[in-house]
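This briefing is meant to be read beside the sequence and the three-dimensional view. It goes through the topics one by one, in whole sentences, so that each can be checked against the display.

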Amino acid sequence: MASPSLSVELSPRRLLSVPRNLLFRLAEQIRETLARTLYTPPAGSPVSVKSLLESLLPQNTAPKSVDREIKNFCLCCAALASAEGVESPSVYWIPKDLSSLAKSTLREISAAGSFAAEHEMVAELMAEVLPELKAVVKETCVDPDEEVFVAGSVRAPVVNSIVAAHQFRWLVTQVIYPHLGNLCALVMPCALTTLDHWSPEVKEQGMLALIHLGKNVNATELGWYEEAFLDVCCRNIATSNDLWSCIIEVSTLLLTCTQRKNPRSSWFERMLNEMLGHLERHPFSREHRIAWLQLIEPVLSAMGLVLLMHFHRIFPLFFQWLHTDDDETILLVLERIHSIIKLTWVRKSPYMARLLDELIHLYKEVETRKSRESIRNFILDSLILLQKCKGMQFETSWIKYKDDPGLEKLVYSLSEAPKAQAVQHLL
């Protein structure tokens, strides 16, 4: 099979048709606003991000080729625009008005180049600059075979890679479905390089770009790189404490996009094992469990009955989290339990009786909780589902609770549930 081709029209290069006088006029507005912007370089940093961005602006005194000038200017604008809505340490100092000016500048360049839509201008620019951005990020990557960690970063300041990662992420997120699929051969190598980088800030920008990619391309377009992406996601799960929510989102998105039709894919097992292993090592991290519980549903749905093989790791975590002091965690766990019961009917599982006991225990335990009613409604829904799918096995385990005076309402609701379902069926 042939390698993926680059479906970007490079000729004629409409960016080169932008008049230089317009370029200088727009650059002067950026330069003046940037000069007025306060910026203090981090202590010990050998490079000023502000100076780096200023160096990308076209200069009359030091003429370069039109090609280089327009690319550098657009990259400067992309970096400034990337700061909007983020709190990244390297670009937080860029004010909203400067980001807005950068975006309006790129719109003017797009219009001057006679592009039908701004995403067309961005696509042409990406074809020119993504290989360069990838090279900049790669320059500060650390070779795992090198003995000294800093050996990979002394060749160039890491801030160069951070700025390149921000530029990359912003450019990628300006193109949506169905146009982004044509750029996969450009975007994917650069994204893989960012995820292999040691800097959390570079990794984060790569993950955000991949999340956008996963939402705006189809499985076929991802196919050439799916093995590489899934592998790098697996490797990042165990090491991305500060980016846990981000790596879980991109991992679940790419996994379900590429493997949805094959629930027995080894990637489901490997990915879920990596996630569960991390959660087992950090069982008390609220941030980690909340993010995982919120984002894992598509993977559970795609795996279906195959989840039975993972009950021995999933349910011990669920049983522990059901008794935290955090109502949000409890509600999310109950939602995931309900989903798993529907997907698997807890077939031939030794966890059915334990699950019933834990749900009853929780029902009594939440009497004084603020979310008491919501939690109890979820418990009732799961018990009704268990009653329906487990039949006599459920009744045998449930009988010990039928005379408990603290469960009168629950006992009544469960006894009425079959009647209500029968009436609904007749209607």
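This is a predicted model: local features need pLDDT of at least 70, side-chain atom pairs count only at pLDDT 80 or more; totals for chains, interfaces and linings use all residues.

By class, the lining of the largest pocket comprises eight nonpolar, four polar and three charged residues.

**The largest pocket**

- The space in the largest pocket amounts to about 260 Å³.
- Its lining consists of 15 residues, and those that lie nearest the centre of the pocket are L52, L56, V136, N160 and Q167.
- Helices α3, α5 and α6 (158–172) each contribute at least two residues to the lining of this pocket.

**The cavity**

- The count of cavities of 30 Å³ or more comes to one, and the volume of the largest cavity is about 30 Å³.
- The residues that line the largest cavity are R13, L15, L16, D67, I70, K71, E124 and E128, and by class they divide into three nonpolar, no polar and five charged.
- Both α3 (66–81) and α5 (118–139) supply at least two residues of this lining, with α3 giving the most, namely three residues.

**Contact between α3 and α5**

- The axes of α3 and α5 lie 11 Å apart, and the two helices pack at an angle of about 80°, which makes α3 roughly perpendicular to α5.
- On the α3 side the contact involves D67, R68, K71, C74 and L75, and these meet L125, E128, V129, E132 and L133 in α5.
- This contact has five nonpolar, no polar and five charged residues.
- D67, K71 and E128 take part in the contact of α3 with α5, and D67, K71 and E128 are also among the residues that line the largest cavity.

**Contact between α1 and α4**

- Helix α1 (residues 20–36) and helix α4 (residues 96–112) have axes that come within 10 Å and cross at roughly 175°, so that α1 is roughly antiparallel to α4.
- The residues of this contact divide into ten nonpolar, three polar and two charged.
- From α1, the residues L22, L23, R25, L26, Q29, I30, T33 and L34 meet L98, L101, A102, T105, E108, I109 and A112 of α4.

- Helix α15 (residues 311–321) is largely enclosed by the rest of the structure, because eight of its eleven residues are buried.
- The buried residues of α15 are F311, R313, I314, F315, L317, F318, F319 and W321, and they pack against α12 (266–281), α13 (286–295), α16 (327–344) and α17 (351–365).
- The loop between α14 (297–303) and α15 contains H310, which has a relative accessible area of 3% and is therefore buried, the cut-off being under 20%.
- When residues up to four places away in sequence are not counted, H310 touches E269, L272, N273 and M303.

**Backbone features**

- Most residues other than glycine have a negative phi, and most peptide bonds are trans.
- A cis peptide bond, with omega about 5°, joins Y177 and P178, and P178 lies in the loop between α6 and α7 (184–195).
- W345 is not a glycine, although its phi is positive at about 55°, and V346, also not a glycine, has a positive phi of about 45°.
- W345 is placed in the loop between α16 and α17, and V346 is placed in the loop between α16 and α17 as well.
- Buried or exposed, how do these residues count? W345 counts as partly exposed, at 39% relative accessibility, whereas V346 counts as buried, at 1%.

**The chain as a whole**

- The protein chain has 20 helices and zero strands, and its C-alpha atoms fill a box of roughly 90 × 50 × 50 Å, taken along the principal axes.
- Of the 427 residues in the protein chain, 52% are buried.
- Among contacts between residues at least 6 apart in sequence, 76% join residues at least 24 apart.

Technical notes: Residues are numbered from 1 along each chain as its sequence is written. Side-chain values use heavy atoms; hydrogens and water are left out. On a 1 Å grid over the protein atoms alone, a cavity is a set of points where a 1.4 Å probe fits but cannot get out, and a pocket is an open set with protein on both sides within 12 Å along at least five of seven lines; lining residues have an atom within 4 Å of a point. Grid points are joined across faces, edges and corners, and a volume is the space filled by probe spheres set on the points. Helices (H or I, at least four residues) and strands (E, at least two) are DSSP runs, numbered from the N terminus. Ala, Val, Leu, Ile, Met, Phe, Trp, Tyr, Cys and Pro count as nonpolar, Asp, Glu, Lys and Arg as charged, and the others, Gly among them, as polar. Axes are lines fitted to C-alpha atoms, for helices over the stretch in contact, and angles run from 0 to 180 degrees between N-to-C directions. Angles under 35 degrees count as roughly parallel, over 145 as roughly antiparallel, 65 to 115 as roughly perpendicular and the rest as oblique. Contact means heavy atoms within 4.5 Å. Buried means under 20% relative accessible area, exposed over 50%, partly exposed in between (1.4 Å probe, protein chains only).
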